[in-house]
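Colleague: I'd like to go through this one with you, step by step. Can we start once it's on the screen?

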Amino acid sequence: MGSNATLTMGGITRVALAFTVMVCVCFCVRAQAESSEVSQSGVAEISCRLESLGSTTGRDAKTSVVCDYRHEPTFIPGQLALEVAGTKVKLLRENIKRYPAEGQKTALLAIFDVSDPRRGETTKLVYPKIVEALVGQRPAHLVFGVATFAQSLDTVFPLQPITPAAKLDGITFSATGAATELNRATLAALKKLSSEKADRRVLLVVSDGKAEDTAYKLADVVAEAKKFRIPIATVGISERPSETPSLQSLRLLADQSGGAFFDFSGKEVPADFRSRLLSPIEVGGRLSFDGSDFFGKRSISVILTSAEKKAITAKTEFNFPDTRGWQAKIKDFAIIYWWIFVSAVAVLAGVIWGAVRYRRTRRERSLQNRLVAEFRALDGNETRYEVRKSAVTIGRAMQNDIVITNQSVSGRHAELHRTREGGFRLSDLGSTNGTLVNETRITAVDLKDGDLVQLAEIRLQFKLFD
C-alpha cells in the first residue's frame with residue numbers, strides 16, 4: 001500500500017541524518033583549519049592545580065589555575081601558547097615564570113665513591129670542591145644531600161633545603177679501602193631520592209667507574225632511574241690515564257638515564273658546574289590563568305614553539321569548578337550544543353513532512369480504486385460512466401478515461417478533476433459543440449450531486465457518492 005510513502009519517509013530521515021553528519025564534519029574541518037602550521041617535535045609534560053586567591057569562599061571565591069610544565073632539555077622554546085579545550089587563552093606576561101618559580105624545589109643527592117684508599121687526594125681535595133661548587137651560593141630552591149658508598153650507601157648530609165643555617169663545613173671524605181658496589185649503591189640512592197617531595201630530582205654519582213658488584217647491572221640502574229623519572233648525572237675521576245676506559249660506564253649511565261657526564265680527571269672543578277649539571281633538569285616553568293570561563297573536565301595544552309617553528313605540546317585533563325548561575329548554564333548549553341538542537345528540529349521537520357506526504361499518498365491511493373462519482377446517460381438505457389480517479393478525461397477518442405462514441409462529441413471534449421476541497425470541477429477542453437451544465441454553457445464549473453451535464457448531443461446526470 002505505501003511503498004512510495006515508505007520510501008519518502010526513509011529518504012527524509014536519511015536527509016536529516018546526513019545534515020547532522022555534515023554539521024559534525026564542518027566542526028572537524030574548522031578545527032583542523034585553525035591548527036597551527038608548525039611541526040610537532042619532542043616531548044613535554046604538564047600538571048595543573050587550583051589555587052585560591054584571597055580568603056573568599058563559595059561562588060564568589062576567586063581562584064587561579066596554576067600549571068607547572070617541563071620539556072626536553074635539548075628543546076629551546078621561543079614562544080608559549082595556552083589552550084583550554086581548543087580555545088586559546090591570553091596569558092599575561094607576569095603570569096609566566098621560568099623554573100624555578102616561587103615554591104618550586106630541586107632535590108639533588110650527590111653520592112661519592114670512597115672505596116679506594118689510593119684515591120686519598122681525590123676524596124680529601126676534589127670532593128669538597130664539588131660540594132662547594134654545588135651549594136656555595138646557597139641556592140634557595142635547592143634541596144641537597146650527600147652520601148658516600150663503598151660496600152654500602154652511607155648518609156653524610158641528609159637531604160634538606162640549603163639555607164644560610166645549613167652546616168656544610170662539617171662534610172668530610174676519606175677512602176675506606178673496601179670493594180666498590182657502584183650499581184647497588186646507585187639503586188639505593190635512587191630509592192632514597194624518589195621519596196623526596198620536589199619538582200625536579202637528580203642523582204649525582206662521583207666515581208672512577210669501577211664496579212665490583214657483578215650481581216647488579218647497569219641496565220638495572222637505568223631501568224630504576226626511568227621508573228622514578230630521575231636522571232643520573234655522573235662525574236668521572238680517573239687517577240691515571242690507563243684507568244680512563246673505566247669512565248665509559250659512567251658516561252653510558254648518564255646518557256641512558258637523561259643526565260650529563262663530566263670528566264674531572266684533571267682534578268679541577270669549574271665554577272659553573274652546578275648550572276651545567278642542573279640546566280638540563282631545570283627546564284620549563286610555571287604559568288597561571290583565570291579559569292572562571294571554564295567548567296567541568298577540560299583539556300589544558302601548553303604549546304611551546306622554537307625559533308625553527310618546531311613545536312612540542314604538554315597536555316593534561318583538568319576538572320574546572322563550576323561557579324556559573326543557572327542563566328549562564330542555559331546560555332552555555334545552547335552555545336555548545338546548538339547543532340544538536342538544529343539537527344533535532346531538522347529530523348522532526350522531516351518526520352512531520354514525511355507523515356503528511358504519507359497520509360496524502362495513502363488517501364490518493366484509496367481514492368484511485370474507489371467509486372467516487374459517475375455520469376448516468378439520460379438516453380433511456382441509463383448507461384453509467386464510473387469515476388474512480390481524481391482526474392478523468394471525457395471524449396470520443398479511445399485514449400480518454402470515459403469514451404463516448406458519438407460523432408457530436410469531440411475527441412477530447414472535457415475533463416473532470418477533484419479539487420483540494422474534495423469536490424469535482426468540470427472543464428471544457430475547447431470542444432467543437434461545447435459543454436453545458438444545467439443548460440448553461442461553461443468553460444469550467446464545480447459540479448454538485450444531481451447536476452445535468454450536456455456534452456454536445458449527449459445528456460448526462462452527475463452523481464456524487466462521497
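Colleague: What does Phe-333 count as, buried or exposed?

Modeller: Quick note: this is a predicted model, where local features need pLDDT of at least 70, side-chain atom pairs count only at pLDDT 80 or more, and totals for chains, interfaces and linings use all residues. Residues are numbered from 1 along each chain as its sequence is written, and side-chain values use heavy atoms, with hydrogens and water left out. Buried means under 20% relative accessible area, exposed over 50%, and partly exposed in between (1.4 Å probe, protein chains only). Phe-333 comes out at 54% relative accessibility, so Phe-333 counts as exposed.

Colleague: How many aromatic pairs are there?

Modeller: Rings of Phe, Tyr and Trp (its six-membered ring) pair if their centres lie within 6.5 Å; planes under 30 degrees apart are stacked, over 60 edge-to-face, and the rest tilted. Go by that rule and the count of aromatic pairs is 13.

Colleague: Which kind of pair do Phe-262 and Phe-273 form?

Modeller: Their centres are 5.0 Å apart. The planes sit at 85 degrees to each other, so the pair is edge-to-face.

Colleague: Where does each of the two, Phe-262 and Phe-273, lie?

Modeller: Helices (H or I, at least four residues) and strands (E, at least two) are DSSP runs, numbered from the N terminus. The pair ties together parts that are 11 residues apart in sequence, because Phe-262 lies in strand S12 (residues 261-263) and Phe-273 in helix H6 (residues 273-278).

Colleague: And what about Phe-333 and Tyr-337, which kind of pair is that?

Modeller: The ring centres of Phe-333 and Tyr-337 are 4.9 Å apart. The planes are at 45 degrees, so this pair is tilted.

Colleague: Which residue lies over the face of Tyr-99?

Modeller: A charge sits over a ring if NZ of Lys or CZ of Arg is within 6 Å of the ring centre and within 35 degrees of the ring normal. At 4.2 Å from the ring centre of Tyr-99, the residue over the face is Arg-200.

Colleague: What is the peptide bond from Tyr-99 to Pro-100, cis or trans?

Modeller: Most peptide bonds are trans. Pro-100 lies in the loop between strand S6 (96-98) and strand S7 (106-113). From Tyr-99 to Pro-100, omega is near 0 degrees, and the bond is cis.

Colleague: What is the phi of Arg-229?

Modeller: Most residues other than glycine have a negative phi. Arg-229 is in the loop between helix H4 (218-228) and strand S11 (232-236). Arg-229 is not a glycine, yet its phi is positive, at about 55 degrees.
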